[in-house]
Amino acid sequence: MVILRENQALLSKIATSDQHGENSPYFDGWKAYDQDPFHLTENPNGVIQMGLAENQLSLDLIEKWVAKHPKSSICTKDGISQFKEIANFQDYHGLYEFRKAIAKFMGKVRGNRVAFDPDRIVMGGGATGASESLMFCLADPGDGFLVPTPYYPAFGRDLRWRTRVQLLPIICNSSNDFKITKEALESAYENAIASNIKVKGLIITNPSNPLGTTMDKETLKTLMRFINEKNIHIVCDEIYAATIFNTPEFVSISEVLQEMEHDPMSLINPGLVHIIYSLSKDMGLPGFRVGILYSYNDNVVSSARKMSSFGLISSQTQYFLASILSDEEFVEGFLSESSKRLAKRHKTFTQGLEKEGITCLASNAGLFVWMDLHRLLKKPTFDEEMDLWRLIISDVKLNVSPGSSFQCVEPGWFRVCFANMDDQTAEIALKRIHAFVVKKGRRNERAPMNNKRSKSFQKNLRLSFSSRLYDETNMMSPRVMSPHSPFPRSPLVQAKT
Amino acid sequence: MSMWRPCAEVERCVGKGAAGEGRSCGETSCSRAGSGVVCGREESGVVGLILSITQIKLDGLSLFVLMAIEIVQPSVGLSKMAVSETHGEDSPYFAGWKAYDENPYHETCNPTGVIQMGLAENQVSFDLLEEYLEANLEATNWGQKVSGFRENALFQDYHGLLSFRKAMASFMEEVRGGKAKFDPERVVLTAGATAANELLTFILADPGDALLVPTPYYPGFDRDLRWRTGVQIVPIHCERSNNFQITPEALEAAYDHARSMNIKVRGVLITNPSNPLGATIQRKVLEEILDFVTRKNIHLVTDEIYSGSAFYADEFVSIAEVLESRNYKDSERCHIVYSLSKDLGLPGFRVGTIYSYNDQVVTTARRMSSFTLISSQTQFLLASMLSDKEFTQKYIKINRERLRKRYEMIINGLKKVGIECLKGNAGLFCWMNLSPYLKEPTIKGELEMWKTIMHEVRLNISPGSSCHCSEPGWFRVCFANMSEETLEVALSRIHEFIKTRKQ
């Protein structure tokens, strides 16, 4: 009955696990960038960061608005009268004006086809904090959540690390543009049941990261019917909702719910539907940590609201956003212009790649393209993908994200971000790709590679997909983490004081 | 709730590879289940609540919790955590809020309303902040050209703005009168001390493990340290006989009690200056606590959120000073929590920090802070303010004086009608003793008194039982979240009340 107490000063299991994901080999990409970051004038031969899904194309619009609206800040002459009240406001319901503004904004982004209730809006520390809280509300340790591959790498940390929830992949293939099929969905569900894992829900990202595609209404309806049949939750991360730049139009789960809710044949339970949102991508404000959890389930709203104490949005930021987002004229103008600029950048990129014979998955949203380089692989293996990736970093000097970090089952895909740079940098990136393709065209001349690879990682990639995912002891799965460089000296992370 | 811990069958459970992961061990009977210890079983909702009762040991409140058992059924589709009561919002601490919310005092619009004295907020020095901001608008608001906006809005690195981290480290040094040094590289930023305490708990303890916390303690700890972490609080009982100071005997007793329940103790968490006592912990006691945790090879978390609210700078001794005097020997088990919510009166800005002497904790905490970063907009605003030494020194000094003045005002006002308070020297509240006025010297008596004060005297104060105080009759009364005039009104109401009670 004696409990072993050796080294009690050691940290918890959560603390010592690898599920934060930062020990993945993919930090080589960050390292390369941090040590040699591209700068148009000061370091034109540096590594261009294309692994960061940021929206920098329309910040000037916000800056202009800020300059014209000093009252929106509590630190200006016009706004300082509000300072005391705002600085004192820590109610976890959040500023009513803020919630109202967010609800309206979310409605606008969906073409006002649905309306959002400010009282269902719950704050979170970025979408990162909001999605983790939602997992805490919906699932117990050991429970599972289905997630279609490829998916945002940081889900591994956000949804699993402290919650101890498991991720159950729904395999998607390029043969049908990585769409979710009913078969794949059922198969993933059955596999989980067979492994004695309690499935609590399904999480989708729509528009998709890394695919940049939106889900069609029929697929969404299929998913809704599925989750209702199994009585499990559906979590929709709609963080890229306003990055749509082309048809087909975005269909939010909220619209589908609205349609199906009143259909007596469907028997949809709204209490199973939850949305994660944020302003980090649509508005390009990741530093402000604006995470939103929107649930149609009263108990989840109540519980999540209490949990939001652990990640409230700064009242100063709430106040500012309430102001800017209530300016309907600005919002409409911003959404329209932002969409145009994304469309333009996307076109420049995809056309530039096409010239080199590089195709990307056809996409209509997001801040990135899903680039197909499988023809450049000597063999269709993940080892080859890694080799190619390292080559791209060292020779082409672009930090892109290899598909395996997104749990993609087919080697050769890469996510390439295009909205976090100016036009000149984008051009330079394309030029470099051109030069690389030309060189690669001479197949016998392959650039020497740095072959340092950890053995365990190699072993990892050769595992069959199902065993890789269900192997709890294998924490070394590749992940590309959110933009937290562990190396604080990069200009990316240095603030000008 | 997801609260569970290994039972005596732990070896067997471990053998089946299930225990410790919240999954059923498949054992149909567990020899320990009856004594409130749950094995790795799923239906721990009811048993979890029984654990609550043994922890807080309150007669009156246990009734409350027992009633709650009827309600706690895992509702369809939500986690046990979501349906548990461990968020703690059903305690009287929060019920008083309701009374206030429904009938809030206002000196002109609602002079008979409930005066909020249950909220530890610091509103006495706001003018100093406003004065600073007005004189330094450019520095705090992205500059006139607004060109700093873009860089600031994009900045989401979990290391935090270097300028802000440096400013926090510098401010923490100022608060301690330069008696301790803080390295900006060890400052980890979180959205409030609430998040900092939870985060540290995730890092230092596994579900089912315990932190030892001296009573009486901040009611929010029940949620912050336990709810999502699954960690338990085992109280270190402190008695009025020695002014509720922590003794080595009490430490040992708490530790032994935990061990007797087969609970692994991972650390001690103290608040210095103390909430709700409003008193600093003496250096000698800090040394004893440090020796204790070293002996037991566990962690020490010190929440120094009220460090800038000590009335006399030289009466506050930070654990950082003690560690420095020991040349940082054994310091890797020590972690400090701080926030600007109390000292600067900026709770809305969500500015918390973890300062750890343990490299692994710093690294892990930093990664975990991804879930709870401070808005870059706010970091920017405060970076310049907190690095302005002239301002911070002036602010700290004046803030201390004003709080002291408030404290003296309330203490003297209460003394006039024969009400004694614990001798305090810090914080935003006083620890008032109403035990002579209780109908019966029990928690029931205390809660009755509390309800009377809420409904008849119309003051929302916090009953000691919500702070897990071992003796009934104590109340925490906040004095810094109102004007002097309102405080006078509150005191006169108390005078009236005591007069009628004495008749």
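Author: Strand 10 of chain B, residues 429-433, is mostly covered, with five of its five residues buried (buried means under 20% relative accessible area with a 1.4 Å probe, protein chains only; strands are DSSP runs of E, at least two residues, numbered from the N terminus). This is a predicted model, in which local features need pLDDT of at least 70, side-chain atom pairs count only at pLDDT 80 or more, and totals for chains, interfaces and linings use all residues. Residues are numbered from 1 along each chain as its sequence is written, chains are lettered from A and ligands numbered from 1 in the order in which they are written, and side-chain values use heavy atoms, leaving out hydrogens and water.

Both faces of the strand are covered: one side carries Phe429(B), Trp431(B) and Asn433(B), the other Cys430(B) and Met432(B), and all are buried.

Now for the strand's partners. Strand 9 of chain B, residues 420-421, pairs with strand 10 of chain B in the antiparallel sense over two bridges (two strands pair if DSSP finds at least two bridges between them). Here Met432(B) in strand 10 is the bridge partner of Cys421(B). Strand 10 of chain B also pairs with strand 13 of chain B, residues 474-478, again in the antiparallel sense, over five bridges. In that pairing, Cys430(B) has Val477(B) of strand 13 as its bridge partner.

Key
Buried < 20%, exposed > 50% of the residue type's maximum accessible area, 1.4 Å probe, protein only. Helix = DSSP H or I, 4+ residues; strand = E, 2+ residues; numbered from the N terminus.
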